[in-house]
Every structure is written in C-alpha cells, then in structure tokens.
Amino acid sequence: MDKLFEMTGRRYNLFDYYGAPDAKRVIILMGSGAETTHSTVEYMTERMEEKVGVLKVRLYRPFSAKHLLAALPETVEKIAVLDRTKEPGAGGEPLYLDVVNAIAEDMTSDAPKFKAMPKVIGGRYGLSSKEFTPAMVKAVFDNLKTASPKNHFTVGIIDDVTNTSLDYDPSFIIEGDDVVTAMFYGLGADGTVGANKNSIKIIGEETDNNAQGYFVYDSKKSGSTTVSHLRFGKKPIRSPYLIQSAKFIGVHQFGLLEKFDVLGNVQEGSVFLLNSPYAKEETWGKLPRKVQEQVIEKKLKFYAIDGYTVARETGMGARINTIMQTCFFAISGILPKDEAIEQIKKAIKKTYGVKGEEIVKKNYNAVDQTLAHMYEVEVPATADSTFELPPIVSDEAPDYVKNVLAKMMAGKGDDVKVSEMPDDGTFPSATTKWEKRNIALEVPAWDPETCIQCGKCALVCPHATIRIKTYNEKELENAPATFKAIKAKGREFEEGTMYSIQVAVEDCTGCALCYEVCPAKNKRETGKKALNMVEQIPLREQERANWDFFLDIPEADRTNVNLTTVKGTQFLEPLFEFSGACAGCGETPYVKLISQLYGDRMMVANATGCSSIYGGNLPTTPWTVDKNGRGPAWSNSLFEDNAEFGFGMRLSVDKNNEFAKELVMKLKDQIGAELADELVNAVQKNEADIQDQRERVAQLKAKLAAIDSADARNLAAVADYLVKKSVWIMGGDGWAYDIGYGGLDHVIASGKNVNILVMDTEVYSNTGGQMSKASGLGAVAKFAANGKPTPKKDLGMMAMSYGNVYVAKIAMGANDAQTIKAILEAEAYDGPSLIIAYSHCIAHGINMAKGLESQKSAVESGHWPLFRYNPDNVHEGKNPLKLDSKAPKIRLEDYIYKETRYKMLTKAQPEIARNLLSQAQAEVLGRWKLYEQMAQFDFSNEEAKEEE
C-alpha cells in the first residue's frame, strides 16, 4: 500500500474511513458507490454539520474484522451496510452479515471497542445498474436517524410490493457552481459520443480541469439514443453517477425534443444548443410548446445550427459530431475559441489519421464551416407554438405498453414500480410498432407510375418498414386522399386487383437501401426511381394515416402466393419488424425474409450478439404475430451453446409430435378413424398442406373438448405439434466460426432437421469489431491491427465434408433469387441445413446505403462464391454442389479497398498491406478453382443403370 502511494499519490488501506471523527451514523460499502457516499458525507458534515461518516471497504476477502473495527469511530451508534447484490434465501447480504458478525464477536470479547452494541442494518442499492445518487445516500442517513430504522431496505427502487424501499428527495443535489455539467443527446453512429470523448480528453489534458464523462446508450444498435454526461472542474470529481442538474444541454437530433424531457433538469441561465433542420427565423416556431416554455422560464441562452446541412456540404454525411463539438467549445467558454479549434483539429488528426487524409480534411472543413452557420435564437417573452408534445406511445397501445414500456422508452425506466413489472418475468412481443422512433431525416416515397412491382425494395428493407399488398379495389372505398395504389401487374391477378407499396415513415431509419436497389428508373427525371428519398417531417402526419389504413387491408392468402420469387415473398407479412438494428443492417433482411416464409410456425434459437440486441432488447420486441396470434417463438442462448440450444428445441418438437401421434392413434375410435389417419400421415410440404393440417387440428381440438379423459387432455395440450414446426438456429460469425463452433459441428453431425442461419459480418460486430475466424486475410480489426495474417475459415466446406448437410452461401445484394431458393431448399431438406449469409456491417467502414454493392463486389471478386450443396441430388445421380456465381471478374482489391477495414492498412502499413493483398488474391483464386473442380465431378452411376 505504501509503495502504491509513493508511485501514484493515491492512498488505500484495507478499510478507509472518511467523515466526522465523532460520527454517530456511518455507512459501510464498497465499489463506486463509496465515492458517491464520500462526496455526500463531505457535503453533510461541512454544510449541514451532520455527525456522519463512510467506511470504504477496499479488501473484502479475506475479510479482516480487526481492521474494520479499527477504522470505525468509537462514537458510532448506528451503521447501515450497503450491498450491491441480492442473496435470496439468506438472512442478509454478504457484507452486512460480515459486519454484524465482526461487531457482535467484538462486543462479546474481553475488550469491546464500543460501549454499547451499535445498531446495524442492511440495505441494497444499484441493482440492475440503478443510479446511486447523493439523494439516496442522504435517505440512508435519514433512515438511520429514526428511532426504528428500516432494515433490509432498498434504495433507488420503488418497491411497492414488499415496501422495502426508502423514499428520497431527487432535488437534493450537492454539486456546486465550481463544477461544469453538460449533457448531450444524440443518436448512435452520428458521432456524438466519440466527439464528447475527445472533448473530455481536450479539457482534461489541455486545461487545469479535472474531467469526467459518462455515456448512456439505449439497447439498440446505431441509430439508438445516446446521452453523454460531461463534468469538469478544478477539484477532484467524486461523482460516479449521471448528471442531475446541467449547465449546458446539447440536442444533436431535433426529433429527440419529442421523445425526452431534454430541458427537465437544466439550470436557470444555462446554455441550450440545438441541431435544427430549420432556418434561423423558423427554428423557434418549430419547437414544441413545452420546450418553448422551458427555455423562457429558465432564461436559457439558445443557440442553433443546421448541422446536417453543414455535414452534407462538407462531405461528412450524417456524422455531425465534429460540427456540434465545435459549437460546444465556441459557446461554452471552456477554452478561448481559437485554442479550442486548434485542439479539436489535433484530436481529429489523432482519431481519424489512420483512416486516411481525406477523412481528416473533411473534418477540418466541417470545423471551419461550423462557426459561420451557428446562430443565437432570439427568445420571445411568451411561448407561441401550437405544437404540443405527442404521447410517447399511441392511445391505441395496450395498457401495459402505455403504463410501463412507455416509461422505458422515455428514459425513465427507474420510475417503473416493482408492482408494474411482470410477475412471471415475461414481456409481451409485437411491441416495436408502438415505439415510432422518427429518427430518419429522409424516407422513401413511392412513385407508382415508375414502379415495375418487382418487390426488391421490401425484400432488402432491414426494418420491415416497406410493405407491399395486393387487394380488391373495393378496399379503397375509405382510403385517405393521399393513399397511393395502382393496378397489379401480372397474369396471376384477377381483374380489379390493386397494388400498393406503403412506408412506415415513423419507423424507417432512412438507410436508403431501397432506393439503391430499385431497378426502375424515371425516364422523365434523371436520378429518380420508383422510390426516392424525401424529407420525413412533412410526410409524417399523412403517412401515419396511410400506414394505419394499409394495415387494415387484408393480408395475402399464403396458399396462393408464389414463394419462389422475390415478388411473391414480399406479399407475405413480416413477423419481424422495426428492430433496433443499425440503419442499413445487412443481417436483418435475411431474418425478416425467413419470418415471412415460416414465421407463423417457426422456433428460433438465437446466439448472443447483434441478433440478440436487435431481436430481444427492452423495452420493445420486434418479433410479432399475425392476425391469428401466430408468430415465431424466439429465445436467446449463450454465445457458446446456441447450436445445442436449438438442437434441444428440435428434439423437444419431435418428441411432442411423436407423443401427439401416439395419442391420436390411441383415441382413434373416439376421434374418428379417417381424421386420425389424416392427422398422423399428413404430407406438409407447402402452405396449402400446412393449412389443411391446421384445419384438421382444429377439428381434433373440438372433438377432444367433448372427451373426458386424461389422454384427451394430454392430446389437447400437444395437438399443435401435429403441425410441422420450422426450427432455426441463428447467430453471427463470432458464434458459428469461433466460440460456438464445437457445438455447431456437433449439431450438424447429428443428422437432425435443424436450419442454421449464420449472419456473417466477418467480425465480432456487437462487441466493437474484434477479429474472428471469419475475418478476411488482410482485414484490420481489434487484435489484428496489422491486418489478419491468415485466410478466412471455410465453414461451408467443412460442413459439406459430412455429405448429409445442406449447405448454401448466399448474398442478397448479389443474387436475391438465389437467396430465396437456398432458404426454401434448406427448410425443405429433411436433415441439417447451414446457410451462410454475407451481411455487410457498419464495422466494415462503408457507406451503409451502398451495402448491397459491397455484397455484389464480394461475390464478383471471388471472395464470396455463391453456391448450394444439396445432398438429395446425389440420390438422383447429380452433383450436390451447384455454383451460383461465376468466376471472379474483378480484382480483389477492387472490392476490399472500398472498405475502411482493409483500406486503412494501406495508410498505416503500406508494405504489409501489399503483401497481404497478394496472399489474399492468390487464396481467393485457389479456393475458387477448388469449388469449380468440385462442381464438375460426375455423380452419375452408370453401373447401376446397366444393371437396371
């Protein structure tokens, strides 16, 4: 301890006491909560003259009762021990029990420290990452002050079931004027968090201030809400909790004014900075009335800038981080303006230099252009806006969504009471439709006259916000005036059939994949297509009405849809919608397509990763149900055992199916011989077959209701297993290639009928972009700063070696028809199937709007050959391997150097990059030749033919 002090200047003991030397009330705890308690004790002893203290536990095991007692003041009368854990079934939490034991043993010794046994109580705090603030610390001390303090309490949790929680006053704030507090609201991937981290570095390193930053994310991927909490001041900062009262508020996305009370905790006379898409003279009038009232009431200095216009004009795209950071330093006064700009440019060079000089220059230009576009908004004496804040969710939402989930959406999850939580731990599905995030600046608008009705836009939409329906024209009788429809094209449609494409503009993320994929060009206006990106805000209200009307139009009859075409599949309702995936995500289009094809009878085992974040995050769930209440059964598993988890699902389904058939035959006489035989021997190869079986099951259930026996009741419980279930095991390459490969290999070797979808981003996307065995040779990632030195693992080839596994490699952006064909064949194959899907990713360092082009280039370069390996072909004397892409026609560098993950190595290590490119090009060509040779093998059996 002494050596550490000599080296760092920081003194630590086994137990450190701080507070009044004659304290009567003491809190004992460990971890970051100790610093919050320290600063609160400092405030209470100096400002309120309270006799309180805190004992910080630095070493918990082995626990030294001797040193604990030595650190406590002899005057202590009451002690609260705080644990950040819950020990069900125990007499108390661990630290509490140890403290009670230590003091009790001392009191029975020959020389006890205290004249009388102090009263010791225990409490819990910080569970589930709950905040722990000075107000809560004061509540603990106040509880100790009472004649009969509440024991085994909680603080920071509204426990209205067992009534263990302590009340506290949120307005108790101890930070003084010497601490600058700033909060910034942004969206994931807009650069807000990165810019604020740089700001903290600049302030901490270039000034004499201490600096601190906390960054709060919601549970979605890029496009999620982020809130940055920055503190700085001359004194050491002991505030490991979020800001409660801010002196600067920056809102980097105008739509967030509708979602959060961004000015709710701003101090009077503070600064408010807004990224506004409106002109200077319009900005004030566009604010919600409540925001206007807050600005006036709190006498805020109001600044604004159209950051997106500056970003667009300086080549920054949607990244406004540098622009808003420059505004912050220009108006906050932390540093002189010129010095601040110099430091920002240094930070830009350090942060982005490895990505190329062009990116650095764009950021420099954005800094220079910012000050010319920022302006102060003149604040009138009264609010004049007619725009009232909308409710967080629609009034049509279920009560649970309105009363509980809406609080979480608004960032007030800590206000949810224990009684409001589901008592069995389940949360409802089909809830993303109530969220209405409104994060897109631009959304697609449909031009019916140009449309060729191909369905590609809906196919590639990562968030299922583009829907297509055909319907009888009589459905248009009560259509809104702005609802668009044209006659359906195709001989399969009857006279009077109409066709509509509808966009859920409030759920759209504005990724523009639909515009990029659209093949229909407007011959009158160059650059225009059947879908064109337009401003979202002017369309919001009318398209909300159009969307609601569209949803009421009947869904397509699944038995009459051609599932083998792109056009046909997109008439089916997606049962995976509005997920929290990144804008332009390359994974979710595959998931959505599978949900359209099999969602009403599918079971999903999902590996932890991106797919668990966008698939099962709170407060909302994208997995939904159809009008009959049928939808995917989705469950998340650990990274390492997801394949086994899905395998267990398959075994369970098979066993229940077997049990149901046994009971059907046992009750054959009571059910009816004909119905029993049809149920047991039903062929279920297509949608019509499935529908017929469902009708039989409905008849069965009706008959079972009149049979009073245990067998009848058991059969009723498992009758639905007579309908074919589609079991899918889904996850990313980190799971399938790396951590979960052992289990995956075991499952595909089992021969059981499971469908495996590997969404291959070639990197650990969800955890910051680490190298995986799926990463390409030469790609830069965490743990491969000099480029990955080994080739990509060929998972498809390894699976094909079993001979009885259906294997396909697909890329929707290169060949959407092949994608659909592979998924249909895999599900139809009676055995294990493995689909490896190229999934472009924000971690690749690409313009996500061009993600489908990246997929196409990957295929054309030979890096990602498309193929289908169907073991059933061998029985027909055919080669099981079918190559669906042609020989490489572009150089590998023409693909990989469009992506930052490869290109950055040419800047940082050009010689290494050249060598790795040469190796990678040779590896791609060699692998292609191997596949080509395998696809040419002759599997015909001439001897067998002669014998016949």
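In helix H30, the buried residues are Gly 851, Leu 852, Ser 854, Gln 855, Ser 857, Ala 858, Val 859 and Glu 860. The model examined here is a predicted one. Because eight of the ten residues of H30, which spans residues 851-860, are buried, this helix is largely enclosed by the rest of the structure. The cover over the buried residues of H30 includes helix H15 (456-460), helix H16 (513-517), helix H19 (588-598), strand E24 (833-838) and helix H31 (892-896). Just after H30, Gly 862 adopts a positive phi of about 90°.

Leu 230 belongs to strand E9 (residues 225-233) and is buried, its relative accessible area being 0%. When residues up to four places away in sequence are not counted, Leu 230 touches Val 180, Thr 181, Ala 182, Phe 184, Asn 196, Ser 199, Ile 200, Gln 212, Phe 215 and Ile 243. The C-alpha atom of Leu 230 is separated by 52 Å from that of Lys 821, a residue 591 places apart from Leu 230 along the chain. Thr 164 occupies the loop between strand E6 (153-155) and strand E7 (179-187). With a relative accessible area of 15%, Thr 164 is buried, since the cut-off for that class is under 20%. Neighbours within four places in sequence aside, Thr 164 is in contact with Lys 150, His 152, Phe 153, Thr 154 and Asp 159.

Backbone geometry was considered next. Most residues other than glycine have a negative phi, and most peptide bonds are trans. Ser 129, which is not a glycine, has a positive phi near 65°. Ser 129 is placed in the loop between strand E5 (119-125) and helix H5 (134-145), and its relative accessibility of 62% makes it exposed. A positive phi, of about 55°, is also found at Asn 438, again not a glycine. Asn 438 lies in the loop between helix H14 (399-409) and strand E14 (442-446); at 9% relative accessibility, Asn 438 is buried. Cis peptide bonds occur between Arg 61 and Pro 62, with omega about 0°, and between Leu 618 and Pro 619, with omega about 10°. Pro 62 is situated in the loop between strand E3 (52-57) and helix H3 (65-71), and Pro 619 in the loop between helix H20 (610-616) and strand E20 (633-637).

Side chains of opposite charge can pair when their charged atoms come close. The structure contains 62 salt bridges. One of them links Asp 178 to Lys 235, with the closest N and O atoms 3.8 Å apart. Asp 178 is in the loop between E6 and E7, and Lys 235 is in the loop between E9 and strand E10 (246-251), so this pair ties together parts that are 57 residues apart in sequence. Asp 178 is partly exposed at 40% relative accessibility, whereas Lys 235 is exposed at 55%.

A salt bridge also joins the side chains of Lys 469 and Glu 555, at 3.3 Å from N to O. Since Lys 469 lies in strand E15 (residues 466-472) and Glu 555 in the loop between H17 and helix H18 (566-569), parts that are 86 residues apart in sequence are tied together by the pair. Lys 469 is buried at 3% relative accessibility, while Glu 555 is partly exposed at 28%.

In the salt bridge between Glu 825 and Arg 868, the closest N and O atoms are 2.9 Å apart. Glu 825 is part of helix H29 (residues 816-828) and Arg 868 of strand E25 (residues 867-869), so the pair ties together parts that are 43 residues apart in sequence. The relative accessible area is 23% for Glu 825, which is partly exposed, and 12% for Arg 868, which is buried. Salt bridges with shared partners also join Asp 760, Glu 762, Lys 792, Glu 899 and Arg 901 into one network.

Charged patches were identified on the surface as well. Lys 197, Lys 201, Lys 350 and Lys 782 gather in a patch of positive charge. Lys 197 is located in helix H6 (residues 192-206) and is partly exposed at 39% relative accessibility. A negative surface patch comprises Asp 395, Glu 396, Asp 548 and Asp 552. Asp 552 is found in helix H17 (residues 540-552) and, with a relative accessible area of 65%, is exposed.

Definitions and conventions. Residues numbered from 1 in each chain as written. Predicted model: local features only at pLDDT ≥ 70, side-chain atom pairs only at ≥ 80, totals over all residues. Heavy atoms only, no water. Patch = residues over 30% accessible without salt bridge, like charges linked within 9 Å, V, L, I, M, F, W, Y side chains within 5 Å. Areas by Shrake-Rupley, 256 points an atom, 1.4 Å probe, with all protein chains shown as cover. Salt bridge = Lys/Arg side-chain N within 4 Å of Asp/Glu carboxyl O. Lys, Arg positive; Asp, Glu negative; His and termini not counted. Charge placed at Lys NZ, Arg CZ, Asp CG, Glu CD. Helix = DSSP H or I, 4+ residues; strand = E, 2+ residues; numbered from the N terminus. Buried < 20%, exposed > 50% of the residue type's maximum accessible area, 1.4 Å probe, protein only. Contact = heavy atoms within 4.5 Å.
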